[in-house]
Amino acid sequence: MGRFILRRLLQGIPTLFGVTLISFALWRFSPGDPVSRLVFGAQNVTAEEIAALRHFYGLDQSLPEQYLSWLGRIAHLDFGQSFLYHRPVTDMIMSALPNTLQLALVSLTIALVIGIPLGVIAARSRGSFIDQVVRVFGVAGHAIPSFWFGYLFILVFAVQFGLFPVGGMLTIGKSELDVADRLRHLVGPAIALSLAGIANYSRLMRTETLDILGQDFIRAAQAKGLRPRTVLYVHALRNALLPIITALGGLLAVLVSGSLVIEQVFAWPGMGRMIYEAAVSKDYPIVMAAVFISGFLLVISYIARDIAYGVADPRVRR
Amino acid sequence: MGSFRSYYAGVKFLAVFALLALVIGACSPSAAPQTSAGTPVAGGRVIVGSFADAKVLNPILNNDVPSQDVLNRLYESLVQTDTKTGQPMPRLAEKFDASPDGKTFTFTLRDGLVWSDGTPFSGDDFKFTVQATMRSKATTRKSNFQDIVGATDYGSGKATDIAGIVINGKTITVNFAKASCPALVNMGTFRILPKSVFGKYLDANDATKNLDNAPENTSPPPVAMGAFVFKEWKPNDHITLVRNDKFFLGKPLLDEWVYKIVPDGNALAAAEKTGEVDYVTVEPPYLEDLKKQSNLSFFSYLSPGYTFIGWNELHSGNEFFQDKNVRQALTYGLDMQQVIDKIYLGEGKKMVAHTPPISWAYNAAGLNTYNFDAAKAEQLIQASGYTKGADGIYQKGGQKLEFDLWTHPDNPTRVTLQQVAVEQYKKIGVNAIPKQEAFPALVDRLTKSKDAKYGDQGGHDFGAVIIGWSLTDDPDAYSIWHSSQAAGGLDFIGYKNPAVDKALEDGRTLCGTDQRKAAYQNFDKQLNDDQPYNFGFAGNTLLFVNKRVQGLAPGSFGLRGFTDLQKWWIQQ
Amino acid sequence: MATAEATAPAFTLTQATNASLWANAWYRLKKDRLTIAAAVMLLTFVVLALLADVLAQNLFHKSYTDQDLLNNYEKPTLADPAYWFGGDEIGRSQIVRLLYGARVSLAVGFGAAFINLTLGILVGLSMGYFRGWFDDLMQFVVTTLNAIPGLYLLLIVAVFFGPSPVALVLILGSLNWPGNALYVRGQTLSLRERDFVTAARVIGVNSATIMFRHILRNVLPLVFIVSAIDVGQIILTESALSFLGLGIQQPLPSWGNMLTHAAQDLSRGPWLVWAPGAAIFVTVLCLYLVGDGLRDALDPRLKES
């Protein structure tokens with residue numbers, strides 16, 4: 001097992017290398033340049049100023065030099081300084097990442113708590129009216145473009161009924177530790193973000209449960225006098241565990257990149273907005289750092305998934 | 001703040017914010033009269049809603065409007081422009097003077113100026129700010145100071161002091177190497193940093209030292225000259241400032257001034273309705289709805305800046321843009337007033353030349369208004385020898401009146417203008433092909449790309465472009481219109497006119513108000529006749545403020561929406 | 001966007017003969033009225049999209065660019081067919097734009113899903129069949145692409161190529177194929193060891209024939225199901241890109257950019273949001289229902305309850 005993990009870890013290194021190289025290349029070859037943009041916005045910028053700025057941002061080096069010096073800094077866990085914000089990229093990520101994680105974990109919980117039972121219920125009454133209702137409602141929320149769902153939520157619950165705030169994480173002036181206030185701010189974005197998960201988990205569980213229902217051991221278990229529902233949940237969940245782990249791996253990417261659209265609509269100060277702004281402003285230290293970190297976490301999650309598979313099915317470990 | 005700031009539009013919403021400015025209610029009978037209810041009381045907090053976060057709270061490094069919104073509350077300047085006319089007025093300096101040759105400027109400081117920590121304010125703080133700017137490697141602000149005698153030498157390390165700035169007690173004398181009339185406003189309104197805090201980052205003998213990476217750039221010290229002092233900054237969420245009891249115009253009534261970020265337009269309008277934010281400027285689509293809210297006051301004022309269509313005279317295949325008749329036809333042929341009425345709900349002004357109609361330098365007399373006249377447009381095109389082809393498009397010698405019309409998709413108003421222009425130009429036999437490109441790429445296209453044929457003369461690879469200028473308080477427009485700016489500068493349409501050059505040079509060297517005014521009238525008349533742009537329109541700033549906030553006095557220039565902030569108060 | 005993996009069917013087809021497979025599936029499908037209803041709905045949208053030109057010319061007498069700025073924000077009215085759904089901020093017919101929007105949105109969705117599908121199958125089949133260094137190399141490429149979050153890739157590439165519809169199809173079409181490829185590879189790996197493949201090899205059938213005739217045929221139905229859901233995801237992604245200003249650009253309508261514009265004009269033309277919003281909602285929902293219904297129908301292990 002140890003050798004298996006080590007091998008997968010080593011395999012992750014070239015992947016990370018590839019991730020950064022592709023991002024860097026795409027980035028630097030795409031049109032638009034942070035300095036020409038500053039110059040466009042200011043009056044009478046001199047040639048010397050432009051040269052100084054290019055040097056300040058390290059843009060006067062050749063592209064391979066820029067990439068290598070970036071790699072060199074990464075080796076020391078130094079992500080450099082944001083062009084736009086004049087502060088260390090690490091600081092910016094450390095301020096946005098916890099917010100994104102908070103939102104993602106809450107919405108993940110909602111998705112699992114609602115999605116899993118929905119799937120099992122649908123499967124148990126397959127073909128019935130209940131099944132059809134669940135099939136429609138399980139994915140209905142996800143079929144609405146998320147910005148539109150956000151607007152509807154704001155118009156109805158914030159403006160019309162005043163139940164929840166329009167956006168942000170905390171009421172200005174309230175204590176950081178005011179849990180009730182935090183929760184009120186979480187409701188809208190967390191629900192919006194959980195819709196995709198509800199759709200996926202309910203569909204996944206429905207399939208897995210249908211599969212179990214057709215197998216002989218269920219009947220055997222029932223014959224032994226076990227409660228059918230318990231048997232169902234235990235077996236269906238066990239079967240669904242691997243696909244759910246797989247889905248969680250993909251979800252980690254969302255965790256890290258944040259959900260841009262939902263953060264934008266609900267004024268949530270997370271990673272998605274930070275990266276989006278950096279992307280449109282060509283602030284590449286932020287973009288590169290974000291790609292690197294999320295790439296890193298994704299690779300880790302794939303390894304974790306493979307290990308989980310390896311534990312569940314020893315044949316994988318060849 | 002000396003800068004022609006383009007609409008900073010990568011973040012689409014900033015575009016509107018860039019227009020914080022002038023003439024209260026100049027065009028709006030609907031501007032709610034500020035009912036002064038009761039006597040001002042101290043206490044409370046105002047929450048200002050913004051589409052985008054500030055970036056850096058240092059005037060030397062600042063390049064965006066949100067940063068300016070916040071740092072202008074912290075730091076002060078020697079002079080401040082009048083909210084209605086844009087003329088310089090006293091601020092930290094109680095008196096100021098420019099010599100007739102435009103080379104020497106004298107400022108006399110008020111008595112008893114102190115920073116919020118009690119340190120006295122002096123001319124050294126001003127001089128230090130100039131020094132720090134010249135030594136910075138990350139600034140785009142040197143143009144404000146580089147013509148001061150000895151400034152460039154100080155910047156490069158050849159000198160250990162700036163000889164052109166002389167401090168004598170309360171008097172600051174600044175000597176310029178060449179005449180520079182706009183300097184009074186551009187230099188005078190530049191925000192001044194506390195030397196007691198930032199002084200440690202500079203070394204007179206070591207030009208490599210600068211404050212570019214100072215932590216105080218993003219976490220300002222509790223040493224402020226403005227009405228408020230920095231307290232905390234939660235990135236992308238909010239910035240909190242607290243009252244400066246030692247503010248030189250009197251202790252502010254408000255306890256806190258908060259800058260809250262709500263990036264989405266719909267959400268921001270909703271937050272204004274629910275009272276989550278108190279103060280917000282919005283885009284026209286939200287106007288009608290917010291006006292119906294009984295808890296909001298509405299202010300509308302024109303801003304120094306405009307949205308235009310630029311005709312690239314140095315683009316192969318589009319040589320017809322060098323023909324004045326064609327350019328005039330393209331102004332006559334687009335009903336800009338209808339666009340303003342229907343898209344901007346009348347909250348804007350049609351522009352026919354460069355200088356903002358609200359500026360002291362503006363004079364409408366002698367300017368053609370170019371009222372919409374499709375027949376006249378076609379006559380002008382025909383007068384230049386064009387005939388309509390079978391496809392309904394005018395052509396001459398095989399060259400069709402056909403061009404690419406660029407804009408960037410993250411600005412809905414510009415996209416709408418583009419759609420209308422394409423449709424209306426088709427009706428006068430001109431084929432504009434709509435093209436869109438993300439803002440950074442469009443900027444590259446306008447300033448860096450090379451036209452196949454005219455690239456060596458400074459021609460860029462686009463036919464026409466819809467974009468906007470946000471202008472400084474001073475009417476100087478050298479960097480946009482002087483022919484020296486056609487190669488690599490902001491005159492990316494390749495427009496050259498010796499008479500315009502002369503007028504712009506006069507505006508910089510003949511510093512008397514009347515002489516400058518005459519120069520800019522001349523300049524506007526030339527542009528008005530030439531129509532190198534379809535000058536489009538200037539949209540009003542549409543400001544909504546919760547009625548619990550009292551004592552506002554917004555205006556087009558100077559401190560704009562935040563004029564007299566120390567007098568704002570919250571109705572209990 | 002990161003859901004392709006979760007939607008991969010969790011079962012394996014055996015080498016059941018195709019004829020009986022599809023016959024059984026059709027038998028089951030007929031009884032699943034929800035899926036049939038969804039499929040009919042989708043078909044209606046496709047037909048309407050195809051008829052956009054005919055309807056615009058003969059019924060509505062407007063093109064999707066025709067403007068009437070003076071009378072913008074027309075309220076919905078029965079008097080003039082062109083304004084059944086009202087007019088937008090520059091007086092264009094909402095219903096005509098909706099029809100052409102259907103064309104654009106569906107074309108982008110199906111086009112990009114088709115690219116995902118083709119790339120995924122070609123790469124996955126080759127990986128699974130040839131194994132060895134080719135498999136290792138492609139594994140590296142696929143994991144690398146998978147490890148770049150889709151959002152960044154989309155933002156970067158959208159800025160790079162500009163917002164033309166063709167570029168958008170190519171971009172969206174090149175995002176999800178690694179998931180498809182890995183799935184097809186897994187299926188191929190297990191199928192190639194089966195008796196019927198070995199038998200084919202023994203009697204001298206060449207690799208291409210084995211891959212495409214024997215293996216592909218078994219993998220295809222499942223990949224199609226994944227693709228149905230992919231189409232819905234892509235339509236949603238296009239609307240999110242429109243929201244960010246990077247989607248299909250005016251004057252060309254897509255449901256995504258129509259909804260975005262309508263949402264920004266909510267207080268002036270509230271009626272403008274419902275049609276594009278409903279169109280996206282119904283289409284994506286139906287694609288899910290059809291995808292899931294087909295899977296139910298195709299899975300031989302699922303017993304009737």
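## A guided reading of chains B and C

Read along its sequence, chain C follows the pattern α-α-α-α-α-α-α-α-α-α-α-α-α. In total, chain C holds 13 helices and zero strands; here helices (H or I, at least four residues) and strands (E, at least two) are DSSP runs, numbered from the N terminus. The model is predicted, so local features need pLDDT of at least 70 and side-chain atom pairs count only at pLDDT 80 or more, while totals for chains, interfaces and linings use all residues. Residues are numbered from 1 along each chain as its sequence is written, chains are lettered from A and ligands numbered from 1 in the order in which they are written, and side-chain values use heavy atoms, with hydrogens and water left out.

Of the 305 residues of chain C, 58% count as buried. Buried means under 20% relative accessible area, exposed means over 50%, and partly exposed lies in between (1.4 Å probe, protein chains only). One of the buried residues is C:C286, with a relative accessible area of 8%. Among contacts in chain C between residues at least 6 apart in sequence, 72% join residues at least 24 apart, where contact means heavy atoms within 4.5 Å.

The helix α11 of chain C, residues 207-243, can be followed through two of its partners. Axes are lines fitted to C-alpha atoms, for helices over the stretch in contact, and angles run from 0 to 180 degrees between N-to-C directions. Angles under 35 degrees count as roughly parallel, over 145 as roughly antiparallel, 65 to 115 as roughly perpendicular, and the rest as oblique. The crossing of α9(C) past α11(C) is right-handed; a crossing has this hand if the near helix is turned clockwise from the far one by less than a right angle, and is left-handed if anticlockwise. On the α9(C) side, C:N180, C:Y183, C:V184, C:Q187, C:T188 and C:L191 take part, and they meet C:I215, C:N218, C:V219, C:L222, C:V223 and C:V226 in α11(C). The residues of this contact divide into eight nonpolar, four polar and no charged. Ala, Val, Leu, Ile, Met, Phe, Trp, Tyr, Cys and Pro count as nonpolar, Asp, Glu, Lys and Arg as charged, and the others, Gly among them, as polar. An α-helix has 3.6 residues a turn, so residues three or four places apart point the same way.

The other partner is α10(C), residues 195-202, which packs with α11(C) at an angle of about 170°, their axes 11 Å apart. This makes α10(C) roughly antiparallel to α11(C). Here C:F196, C:V197, C:A200 and C:R201 in α10(C) meet C:I210, C:H214, C:I215 and C:N218 in α11(C). The contact divides into five nonpolar, two polar and one charged. In the loop between α11 and α12 (255-264) of chain C lies C:P251, and a cis peptide bond, with omega about 5°, joins C:Q250 and C:P251.

A disulfide is a covalent bond between the sulfur atoms of two cysteines. With the rule that a disulfide is a pair of cysteine sulfur atoms within 2.5 Å, the count comes to one over all chains. B:C181 and B:C511 form a disulfide with their sulfur atoms 2.2 Å apart. The torsion about their S-S bond is about -90°, so the disulfide is left-handed. B:C181 lies in the loop between β8 (171-175) and α5 (183-188) of chain B, and B:C511 in the loop between α15 (498-509) and α16 (513-530), so the pair ties together parts that are 330 residues apart in sequence. Both B:C181 and B:C511 are buried.

Other parts of chain B are buried as well. Ten of the ten residues of helix α2(B), residues 65-74, are buried, so α2(B) is largely enclosed by the rest of the structure. In α10(B), residues 336-343, the buried residues are B:M336, B:Q338, B:V339, B:I340 and B:I343. These residues pack against β15 (348-350), α12 (412-427) and β22 (533-546) of chain B.
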